[in-house]
Each structure stands twice: as structure tokens, then as C-alpha cells.
Amino acid sequence: MSKLLRFPGAVRRDHRVDLWFSRPDDELRRMAEPWFERMRSCGADVRELLHDGCPTACVEEAAFGYVNAFSAHVNVGFFHGASLDDRAGVLEGTGKHMRHVKLRWGEQINVAALGELILAAYRDIRLRLRCAG
């Protein structure tokens, strides 16, 4: 298992994350919000913070997912996405560990697949934490 990216400053609910989503006239951030809410709702042990300017979800202090809004798309990303079972083939990226799902206006979103990936990423980081002991 790879090294965990840890954020000791992660908290149950970070007001800076809420401010990020409430930025006026940024519809792409609002497009990302329900997916971050799915991360938040994975379990009572989920914590959050802004990392590199984007909302990041952790289990305890170990990061498992994030969202970010760009000028023409949203990324729903996973810190250990390369190890997730992506049966629907929606993950993008070629890095050693990270993968993301790109969402664009007017394009169909595979809601079931993305929801499964979020839950899988949450379960994966919990397992990694147990193994790290």
C-alpha cells in the first residue's frame, strides 16, 4: 500500500469549504457540490478541509477524495483512484495514484458509477488506515 496523504488540520465541517461552494456566479462549483456532499455522507469519521484551494474529504486525517471546478469542467478526484475498480471506465488520469472523473455541462453523468467510486474510495482509505495501524 502506498503512503497516505495526511492532513492533521481536517475537521468535521470546515466553513472554508462551505464558502468555496457559495462563491457567487460559479455554477461549476455548484455542480461539484452534490458530489462532495456524497463524500461527506460516507461516514461519521469523514473530515474535510481546503487543500490546494479545493474541497478535500478525509477519513480522520487521510485524504480520499476532492472536487475542483475549472473554467469548463469539474473534477471529482480520488487520491488512490488508480487502485479503485472502475467497472464503468469513467476514471481519467495516468498518474501513479490519483484519478478523477471529469464532469461537463450538457454531458451525461454516470451517477451510479460515480457514487460507487466515492464509496469505494472511502472504504479503501479506511482499509489503508487499518493496515497502517
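Colleague: Let's pick strand β3, residues 62-69: how many of its residues are buried?

Modeller: Happy to! Please keep in mind that this is a predicted model. Strand β3 covers residues 62-69, and eight of its eight residues are buried, so the strand counts as mostly covered. "Buried" here means under 20% relative accessible area.

Now let's look at the neighbours of β3, starting with β2. Strand β2 takes in residues 54-59, and four bridges join it to β3. The two strands run antiparallel. To find one of these contacts yourself, go to V59, whose bridge partner in β3 is A62. Between β2 and β3 lies a hairpin with two residues between the strands. Look there for E60, which takes a positive phi near 55 degrees.

Next, follow β3 to its other partner, β4. Strand β4 spans residues 74-78, and five bridges connect it with β3. This pair, too, is antiparallel. In short, β3 pairs with β2 through four bridges and with β4 through five.

A disulfide is a covalent bond between the sulfur atoms of two cysteines. To count as one here, the two sulfur atoms must lie within 2.5 Å. The sulfur of C54 has its closest cysteine sulfur in C58, and that is 11 Å away, too far for a bond. Starting from C58 leads back to C54: this is the closest cysteine sulfur, again at 11 Å and too far for a bond. The structure holds zero disulfides.

Finally, here is something to look for elsewhere in the model: its aromatic rings. The structure holds four aromatic pairs. In one of them, W20 and F21 have ring centres 5.0 Å apart and planes at 90 degrees, which is why the pair is edge-to-face. Both W20 and F21 are buried. Together with F36, W20 and F21 form one aromatic cluster.

Definitions and conventions. Residues are numbered from 1 along each chain as its sequence is written. This is a predicted model: local features need pLDDT of at least 70, side-chain atom pairs count only at pLDDT 80 or more; totals for chains, interfaces and linings use all residues. Side-chain values use heavy atoms; hydrogens and water are left out. Rings of Phe, Tyr and Trp (its six-membered ring) pair if their centres lie within 6.5 Å; planes under 30 degrees apart count as stacked, over 60 as edge-to-face and the rest as tilted. Buried means under 20% relative accessible area, exposed over 50%, partly exposed in between (1.4 Å probe, protein chains only). Two strands pair if DSSP finds at least two bridges between them.
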